[in-house]
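Hi,

Here is the structure I promised to pass on.

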Amino acid sequence: DSTASSEQASGSDEANIDNRVIYFDFDKSEVKGEFNALITAHAEYIAGHPDISVVLEGHADERGTREYNIALGERRAKAVKQMLVLQGVAEKQLQVISFGEERPVALGHDESAWSLNRRVELLYSGE
């Protein structure tokens, strides 16, 4: 049992709610397993603070049409929303918005930039 608790302690760095970005694979909207603990941490925090609301901003890299990327960003944000709701967050606390490729955090035209732009950001208000 002591092994399990030390594993949880070491994993808590990734599950710190100060980390508010979830990254996605190319052309995918499924949340990668490595982000499950982070989403659980956010879910527990949001569910425990009913006055908080969170905007889930979906983003995509520059590849694909503008329309496609808006839809992809929305699917990504909705995937994160669904996980949060399944873990007890009230839907009224969550809002989904997609910027597609319009707000890149990295301006390069290669995988190192694209991988940073395929993301959902959690923007808290009322904290």
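**What I found**

The protein chain has 4 helices and 4 strands, where helices (H or I, at least four residues) and strands (E, at least two) are DSSP runs numbered from the N terminus. Going from the N terminus, the elements run α-β-α-β-α-β-α-β.

Before the details, some housekeeping: this is a predicted model, in which local features need pLDDT of at least 70 and side-chain atom pairs count only at pLDDT 80 or more, while totals for chains, interfaces and linings use all residues. Residues are numbered from 1 along each chain as its sequence is written, and side-chain values use heavy atoms, with hydrogens and water left out.

**The chain overall**

Of the 127 residues in the protein chain, 38% are buried (under 20% relative accessible area; exposed is over 50%, partly exposed in between, with a 1.4 Å probe and protein chains only). The accessible surface comes to about 7,100 Å², and carbon and sulfur atoms account for 50% of that (Shrake-Rupley method, 1.4 Å probe). If you take contacts (heavy atoms within 4.5 Å) between residues at least 6 apart in sequence, 73% of them join residues at least 24 apart.

Helix α2 (residues 36-47) packs with helix α3 (residues 66-86) at an angle of about 60 degrees, and their axes are 9 Å apart. The axes are lines fitted to C-alpha atoms over the stretch in contact, with angles from 0 to 180 degrees between N-to-C directions. That makes α2 oblique to α3; the cut-offs are under 35 degrees for roughly parallel, over 145 for roughly antiparallel, 65 to 115 for roughly perpendicular, and oblique for the rest. From α2, the contact uses Asn36, Ile39, His42, Ala43 and Ile46, and from α3 it uses Val80, Met83 and Leu84. By class, that contact has 6 nonpolar, 2 polar and no charged residues (Ala, Val, Leu, Ile, Met, Phe, Trp, Tyr, Cys and Pro are nonpolar, Asp, Glu, Lys and Arg charged, and the others, Gly among them, polar).

**Two residues to look at**

Asn69 lies in helix α3 and counts as buried, at 1% relative accessibility. Leaving aside neighbours within four places in sequence, Asn69 is in contact with Ala60, Asp61, Glu62, Arg63, Gly64, Ser98, Gly100 and Glu101.

Asp27 is in the loop between β1 (21-23) and α2. Its phi is near 60 degrees, a positive value in a residue other than glycine. With 37% relative accessibility, Asp27 counts as partly exposed.

Cheers
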